[in-house]
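Me: I would like to learn how to read a structure like this one step by step. Could we begin with helices and then turn to the way chains meet?

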2 protein chains.
Amino acid sequence: MLDFDFQRPTRYIFGRGKETEVAKVLHEYNVSNVLIVYGKSSAKKTGLLGRVQTSCRDFLINYETLGGVQANPRDDLVYTGINICKEKKIDFILAVGGGSVIDTAKAIAIGAFYEGDFFDFYLKKEIPKKALPIGVVLTIPASGSEGSVSSVIQKEIDGVVIKQGFAHDLLIPKFAILNPELTYSLPAYQTACGIVDMMAHVMERYFTNTKNVSLTDRLCEGVLQSIIENTEYLIRDPYDYDARANIMFAGTLAHNNILGLGREQDWATHHLEHQLSALYDIAHGAGLAIMFPAWMEYTLEHNVMRFCQFAHRVFGIDIDFENPSITATEGIRVLRAFFYKIGMPLSFSDIGAKKEDIPKLLDMLNIDNHTEGNFVVLKRQDCENIYRIASQYEHNKHRMI
Amino acid sequence: MLDFDFQRPTRYIFGRGKETEVAKVLHEYNVSNVLIVYGKSSAKKTGLLGRVQTSCRDFLINYETLGGVQANPRDDLVYTGINICKEKKIDFILAVGGGSVIDTAKAIAIGAFYEGDFFDFYLKKEIPKKALPIGVVLTIPASGSEGSVSSVIQKEIDGVVIKQGFAHDLLIPKFAILNPELTYSLPAYQTACGIVDMMAHVMERYFTNTKNVSLTDRLCEGVLQSIIENTEYLIRDPYDYDARANIMFAGTLAHNNILGLGREQDWATHHLEHQLSALYDIAHGAGLAIMFPAWMEYTLEHNVMRFCQFAHRVFGIDIDFENPSITATEGIRVLRAFFYKIGMPLSFSDIGAKKEDIPKLLDMLNIDNHTEGNFVVLKRQDCENIYRIASQYEHNKHRMI
């Protein structure tokens, strides 16, 4: 096990109707002027935004609002948010939404005390020294951003779209309000994208070269098993509160890094995917459903027994002791079949992506200047090969049951 | 899943040699005068205490020391510690040891700002409003107190020994330094007692009437599996760093309550055991090895399928679908066999306890004035029956392999 220095002080307030307590909680943090950040339309349509605002008024908390955050969040709203913070003496940022909204709120939070361009932090040119505190009312269980150190923002520089992540302890939210009922109204496709995203967060940690990490192995496997079984319940009944609840908190645990403590982590697939969702403006989870199995096929030979463990412990696949790589491969097939079952794309053609764009994806990844991943360290040719696997896969040629 | 409001801000600093950084960490918390609380002898003998003191001197942090905390910690040292805090303007308490030392430090921390008897908090007569901050250098993985809200202290009142727990957010340590190497020197018996204690912390949460808590079920099962498999490694090689590391952090996770979120928990066995260790001055873990299987046998019929799940998922026992109670019973037998294998007592006679003392144990438990547990709500007769099972068990009459 590797050494670690870990602290996650986020307060989780979980249960039915908890969003109505948001201003009471803000009041506990002595908030005077809150900036409420939200997405395109659903927070407004469902009345959630109105309930949050009413709650603020009840507690005499001033609020400004910043709506319209889209999936794969861009830099422009971050600048707007930073200006509001400076002009209106904002002392707290409340994100009402999913990962894009939270990541935007995080970017605003570190930008508010910085004179330069907030994107300097994402480009690793500067380290933030101070940030506004953040709170979350979560509506989409997926990114785990409500309990994580990280944020991903997209910016176009010199005609190239850069989708870049940044991680810092200052980005950890003070609290996250988690009401599973708020996820009832999510379209099935978005629920599924979230499920893939949280599974990917676990798998990025699971595929490691660190030896003897039995405890976090078991935790990873348990969270994956629970996500999968609760997804089955959700297919039967989208209004199954407990299934929604288990999945919602699994999304938080999948990425607050308890599952990754003391382990080398990979994260190549996330970076490969970011280029896909940046170029084609698809959901991150959808891109991960395409890229993760492709990455797995490419790296399988590096450690067949780890893939065998994954197949056996997560999907209950019997081990072929004479030929464990059959078990390992079967694990990847069953993972793809699970993604297929919940309506996810599996190949480039499913999202209208083109094989010819692979050089562009590699340029966006800026792969000539670094390597990707740790489980297997990937250079340009490796990344190209993985994109190629993803582009060539045709699910009607494979067994899905 | 039940609602919850949860926050665990403890910072975990994990790895080889991390105890040498303790004063650097205290310095980050602006500590001027620290009270170092430690146990009977091992912290002194191993040089750990000296290293901590040297580290404090290097950072110009004044320290007082309070040694001699014993297993099943008593109130007397708490009073001494409170007086030192008041006289020496202590602004931080550092516990160097295991659960008894940490629990004593916690009692001192809330007592330091209270004019009355600190035990008022334990007797639920008062609620603390303020506490000194606490840090931990952990030497015995067992109690999970390094990341928990709780403390257990023993006091004799009117000739009756009261062993009483208290839980409050003010008792959560600011940081815990976890170096698995420090546990190499533990006697095998003490290592084993710690293992039983952490398993019990998981099982108190696992046996629940809350439905559809798949996520935390899986987490509980994973932590138990990891403890068990790493114990096997430790039997082969007590200096297996990774086995020590997995077990050490399992002990923390077993009790910082992530595994218990959204679930009704039981805790009857802990309370039944507290009387045993109070009366016979045995290790808490040893008492739990006797009491937990006895409690399980008594409550088995309440939910056979949950015990079946435990047997199957934790110990890999094949399910007897025609008669699941055979599987369920087998789970308890294998748990006892595991405790036996690591040198734990299994019955009253193993620790010199007497069947005739059962009425005394029941009086100490003060059972006529309340009920115990939630999975099955226990009254006096139930508790008596469970003590009786524990007193009658004779392991030489049972199969241990």
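Reply: The expected span of a helix is 1.5 Å times one less than its number of residues. Keep in mind that this is a predicted model.

Me: What span should the 13 residues of helix α15 of chain B have, and how far apart are its end C-alpha atoms?

Reply: Helix α15 of chain B, residues 380–392, should span 18 Å, and because its end C-alpha atoms are 18 Å apart, the two values agree.

Me: Which residues of α15(B) are buried, and what covers them?

Reply: An α-helix has 3.6 residues a turn, so residues three or four places apart point the same way. In this helix, the buried residues include D382(B), I386(B), I389(B) and A390(B), and the cover over the buried residues of α15(B) includes α10, α11, α13 and α14 of chain B.

Me: Is N230(A) buried or exposed, and which residues does it touch?

Reply: N230(A), found in helix α8 of chain A, is buried, with a relative accessible area of 1%. Leaving aside residues up to four places away in sequence, N230(A) touches D242(A), A243(A), N246(A), I247(A) and, from chain B, S214(B). A polar atom of the N230(A) side chain also lies 2.9 Å from the backbone oxygen of S226(A).

Conventions. Residues numbered from 1 in each chain as written. Chains lettered and ligands numbered in written order. Predicted model: local features only at pLDDT ≥ 70, side-chain atom pairs only at ≥ 80, totals over all residues. Heavy atoms only, no water. Helix = DSSP H or I, 4+ residues; strand = E, 2+ residues; numbered from the N terminus. Buried < 20%, exposed > 50% of the residue type's maximum accessible area, 1.4 Å probe, protein only. Contact = heavy atoms within 4.5 Å. Polar contact = N/O pair within 3.5 Å; in protein donor to acceptor, adjacent residues only side chain to side chain.
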